[in-house]
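Hi,

Here is the structure I said I would pass on.

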Amino acid sequence: MSGTTSLPPDSGEGRRIVFSEGQQRVWLVDDAGKVVRTYLVSGSLTDNLFEGTYEVFSRSRHAIGIDDSGTMEYFVRFTHGTGGAAIGFHTIPVDDGKPVQTRAELGTPQSHGCIRQARRDAIALWDFAPVGTTVVVTA
């Protein structure tokens, strides 16, 4: 199944964001159930996110990572990890003026817990996901 761009089965209904941990991919799905955008992301290196349905609870145009691990933009939070830190979608962090990973590495787990996105995709998700938007996490 890896490498497919098809929406995962049993990933909810209606307007939502779907994140597949196994595929390291996000889908933005409109009210009619149509995929309006899909792209590769980099989720967590650790198992700190559980399958389930969540809701966007806060957003920050600019943010600083835990333990001062860099700055990020377009941060859309939807849950908290096992350690209590917020988990969400955002741009690839920049630390000391350099991105902490390349865009070519998207599609592989790289983060401390969040879901990293290319800037253009982060902006698209930001525009798509006001507070209250459904987020579905699949295996």
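From the N terminus, the elements run β-β-β-β-β-β-β-β-β-β-α-β, which comes to 1 helix and 11 strands in the chain. Helices here are DSSP runs of H or I with at least four residues, strands are runs of E with at least two, and both are numbered from the N terminus. The radius of gyration is 14 Å, close to the 14 Å from the globule rule for 139 residues, so the chain is as compact as a globular protein of that length. That radius is taken over C-alpha atoms, and the rule is 2.2 Å times the number of residues to the power 0.38.

Before you go further: this is a predicted model, where local features need pLDDT of at least 70 and side-chain atom pairs count only at pLDDT 80 or more, while totals for chains, interfaces and linings use all residues. Residues are numbered from 1 along each chain as its sequence is written, and side-chain values use heavy atoms, with hydrogens and water left out.

Overall picture: the C-alpha atoms fill a box of roughly 40 × 30 × 30 Å along the principal axes. Buried residues account for 46% of the 139; buried means under 20% relative accessible area, exposed over 50%, and partly exposed in between, with a 1.4 Å probe and protein chains only. Of the contacts between residues at least 6 apart in sequence, 55% join residues at least 24 apart, a contact being heavy atoms within 4.5 Å.

Now the inside. The largest nonpolar core has 23 residues, and Ile17, Val26, Phe78, Phe89, Ile115 and Leu125 have the most contacts within it. Such a core is a set of buried Ala, Val, Leu, Ile, Met, Phe, Trp, Tyr and Cys residues joined through side-chain atoms within 4.5 Å. Two or more residues each come from β1 (16-20), β2 (25-29), β6, β7 (86-91), α1 (119-128) and β11 (134-138), and α1 gives the most, with 5.

Not counting residues up to four places away in sequence, Val26 touches several residues, including Ile17, Phe89, Ile115 and Leu125. Phe78 sits in strand β6 and is buried at 2% relative accessible area. Beyond its neighbours within four places in sequence, Phe78 contacts residues that include Leu49, Phe89, Ile115, Val135 and Val137. Phe78 and Thr53 are 25 residues apart in sequence but 9.5 Å apart in space, C-alpha to C-alpha.

Strand β6 (residues 71-80) also holds Arg77, which is buried too, with a relative accessible area of 13%. Leaving out neighbours within four places in sequence, Arg77 is in contact with residues among them Glu55, Phe57, Ser60, Ala63 and Ile87. Arg77 and Ser60 are 17 residues apart in sequence and 8.5 Å apart in space, C-alpha to C-alpha.

Last, some backbone angles. Most residues other than glycine have a negative phi. Asp10, in the segment before β1, has a positive one near 55 degrees and is exposed at 81% relative accessible area. Asp96, in the loop between β8 (94-95) and β9 (98-99), has a positive phi of about 50 degrees and counts as exposed at 75% relative accessibility.

Cheers
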